[in-house]
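The following exercises guide a reader through one protein chain, each with a worked solution.

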Amino acid sequence: SPGPTLNPNPDPEPKPNPSLSLSLSPSLSLGLNKGAAMAAENKDAEVEMKDAEEAAKKAEEEEEVEEDEEDEQVPNMALAAKLFLLDAEVPSYAEPVDTAAVKAEVLAAIEEKRMAPLYKRCCERYGWEKDAALESAMEADNAAEVAAADEDKANAETNAGDMEVLDALFRKAKHYARVGDIDAALEAYTAIVEQPKISTGKKIDATMAKIRVALFAQRKEAVAELLEAAYKLVEEGGDWDRRNRLKCYDALHLLTVRDFAGAAALLLECVQTFTAVELCTYEEFIFYTVVTNTLHLPRPQYKKDIIDGPEVLAVIKDLPPLQDLSASLHACDSRTFFNAIVALNDKVCRDRYMAQHAKFLVRELRVKAYVQFLEAYKSVRLDSMAQVFGVSIEFLDTDLAKFIACGRVSARIDRVSGVVETRRPDPKNADYHEVIKKGDQLLNRMQAFARVVA
């Protein structure tokens with residue numbers, strides 16, 4: 001039978017029958033138009049909301065970047081501490097410095113921050129093999145950053161105001177400080193201070209940045225001059241925060257010049273209000289505070305501000321030598337105190353601010369322990385005292401003799417009887433002898449002057 005017949009020209013799609021089309025009323029047509037308009041408005045509102053969310057997210061990211069830049073240590077003081085370890089002389093009884101690991105950390109930091117100038121100095125000083133490709137790449141990145149800062153400055157001078165120009169100058173100075181170009185950084189910050197239209201606060205910020213750069217490079221004389229300039233600016237119009245942070249800067253400088261008494265007072269003032277995170281961590285700050293005040297703070301105040309101080313208690317558990325040092329000193333536990341001194345000496349020898357004064361610090365701590373112990377006795381047997389301190393009789397005899405001879409400990413040693421006899425100092429008698437001594441010196445000078453004139 002024949003198959004089905006196929007139509008080669010199928011009909012097009014059926015057209016709507018005009019007779020079946022619905023006629024819309026004017027009210028229904030108006031409602032549909034309003035609905036379409038509302039849908040368009042909602043879509044536009046969604047787009048605007050999405051754009052606003054993206055803009056807010058971008059602004060938050062920019063703020064986070066700015067906060068990270070503000071929190072960044074410029075220059076990197078933690079890196080300066082690692083560099084110091086490469087030259088540190090630790091005690092023979094302590095664990096030696098792992099110079100290979102320290103070198104790896106230093107090189108990683110240098111490569112991350114593109115520190116071409118610092119890389120050159122390290123290779124020259126420590127005899128490291130120089131990577132020419134790495135050095136060229138870092139120098140190119142540094143040149144690009146400087147060019148960008150110069151371009152920002154030129155654009156700001158043409159199209160913006162003084163604040164934008166100042167921001168560009170700070171950007172350039174911070175770059176030099178970040179990569180370890182000490183001389184260029186100091187010159188760049190000096191150019192900021194010398195700007196004609198700049199507030200006192202910005203001058204203080206630039207001067208304090210110069211202090212950090214000088215501390216990074218361990219230029220003591222430059223730090224002293226900059227501190228003097230900073231204090232003058234602070235008196236002209238520095239706010240509370242800058243005044244407080246400047247005290248921390250001054251305290252660290254005083255540590256380097258062995259003025260532990262002055263540093264102790266400044267550090268103790270800033271314990272409750274420490275904000276100089278660009279200079280050191282809070283743990284490091286507490287370390288310096290406890291060590292210096294152990295030497296110079298009177299016993300009642302030491303108990304109040306150091307042993308029971310809430311700020312100190314919050315971090316001292318992470319600093320084992322300090323916890324034993326302070327507690328044993330107040331409890332008159334001489335053996336534990338001497339052991340804590342040994343542990344502390346190792347840590348001090350690794351600190352870039354205090355290492356050069358390690359022997360002085362240990363000696364002063366021993367004097368303090370001897371004086372505190374002998375105050376409670378009129379006489380004490382040498383062997384008994386040696387047992388209390390956990391040292392040999394020979395060491396105690398030699399150590400005490402040195403301090404007695406130079407007048408640091410008021411006592412005498414009867415080696416035959418094996419007894420240490422204390423001598424109560426007489427302040428009035430000491431003042432009398434001091435006046436006689438100075439009077440004799442004055443008379444001698446006057447006689448010498450009379451002979452010259454005659």
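The chain contains 20 helices and three strands. The model is a predicted one.

**Exercise 1. Determine what share of the chain is buried, and what share of its contacts joins residues at least 24 apart.**

Solution. 
Step 1. The chain has 454 residues, and buried residues make up 37% of them.
Step 2. Consider contacts between residues at least 6 apart in sequence: 59% of these join residues at least 24 apart.

**Exercise 2. Describe the arrangement of the three strands in their sheet.**

Solution. 
Step 1. The sheet is open, its strand order is S1-S3-S2, and the pairing is antiparallel.
Step 2. Strand S1 (379-381) and S2 are the edge strands, since each pairs on one side only.
Step 3. On average, neighbouring strands of this sheet are turned by 20 degrees against each other, with direction ignored.
Step 4. In general, strands of a sheet pair through backbone hydrogen bonds.
Step 5. S1 and S3 are joined by three bridges. In this pairing Val380 stands opposite Val420 in S3.
Step 6. S2 and S3 run antiparallel and are joined by four bridges. Here Arg412 faces Glu421 in S3, and Asp414 stands opposite Val419 in S3.
Step 7. S2 and S3 also form a hairpin, with four residues between them. Gly418, in the turn, has a positive phi of about 70 degrees.

**Exercise 3. Identify the helix that packs on the sheet, and state which strands that helix touches.**

Solution. 
Step 1. The helix is H18, which touches S1 and S3.
Step 2. The direction of H18 makes about 75 degrees with that of S1.

**Exercise 4. Are H18 and H19 roughly parallel or roughly perpendicular to each other?**

Solution. 
Step 1. The two helices pack at an angle of about 100 degrees, and their axes are 9 Å apart.
Step 2. Angles of 65 to 115 degrees count as roughly perpendicular. H18 and H19 are therefore roughly perpendicular to each other.
Step 3. On the side of H18, the contact is made by Leu382, Asp383, Met385 and Ala386. On the side of H19, Ile393, Leu396, Asp397 and Leu400 take part.
Step 4. By type, the residues of this contact divide into six nonpolar, no polar and two charged.

**Exercise 5. Characterise helix H19 by its span, its buried residues and its packing partners.**

Solution. 
Step 1. Helix H19 covers residues 393-405, 13 residues in number. From first C-alpha to last, H19 reaches 18 Å, close to the 18 Å expected at 1.5 Å a residue.
Step 2. The buried residues of H19 are Leu396, Asp397, Asp399, Leu400 and Phe403.
Step 3. After H19 comes Gly407, whose phi is positive, near 80 degrees.

**Exercise 6. Is Leu255 buried or exposed, and which residues is Leu255 in contact with?**

Solution. 
Step 1. Leu255 belongs to helix H10, residues 240-256.
Step 2. Buried means under 20% relative accessible area. Leu255 has 0% relative accessibility, so Leu255 counts as buried.
Step 3. Setting aside neighbours within four places in sequence, the residues in contact with Leu255 are Phe260, Ala263, Tyr288, Thr292, Tyr353, Met354 and His357.
Step 4. Leu255 and Ala355 are 100 residues apart in sequence, while their C-alpha atoms are 9.9 Å apart in space.

**Exercise 7. Locate Arg114 and Gln218, and describe the phi and the accessibility of each.**

Solution. 
Step 1. Most residues other than glycine have a negative phi.
Step 2. Arg114 has a positive phi, near 60 degrees, and is a residue other than glycine. Gln218 is not a glycine, and its phi is positive at about 60 degrees.
Step 3. Arg114 lies in the loop between helix H3 (99-113) and helix H4 (116-126). The loop holding Gln218 runs between helix H8 (200-216) and helix H9 (220-237).
Step 4. The relative accessible area of Arg114 is 23%, so Arg114 is partly exposed. For Gln218 the relative accessible area is 47%, and Gln218 is therefore partly exposed.

Definitions and conventions: Residues are numbered from 1 along each chain as its sequence is written. This is a predicted model: local features need pLDDT of at least 70, side-chain atom pairs count only at pLDDT 80 or more; totals for chains, interfaces and linings use all residues. Side-chain values use heavy atoms; hydrogens and water are left out. The expected span of a helix is 1.5 Å times one less than its number of residues. Buried means under 20% relative accessible area, exposed over 50%, partly exposed in between (1.4 Å probe, protein chains only). Contact means heavy atoms within 4.5 Å. Axes are lines fitted to C-alpha atoms, for helices over the stretch in contact, and angles run from 0 to 180 degrees between N-to-C directions. Angles under 35 degrees count as roughly parallel, over 145 as roughly antiparallel, 65 to 115 as roughly perpendicular and the rest as oblique. Ala, Val, Leu, Ile, Met, Phe, Trp, Tyr, Cys and Pro count as nonpolar, Asp, Glu, Lys and Arg as charged, and the others, Gly among them, as polar. Two strands pair if DSSP finds at least two bridges between them.
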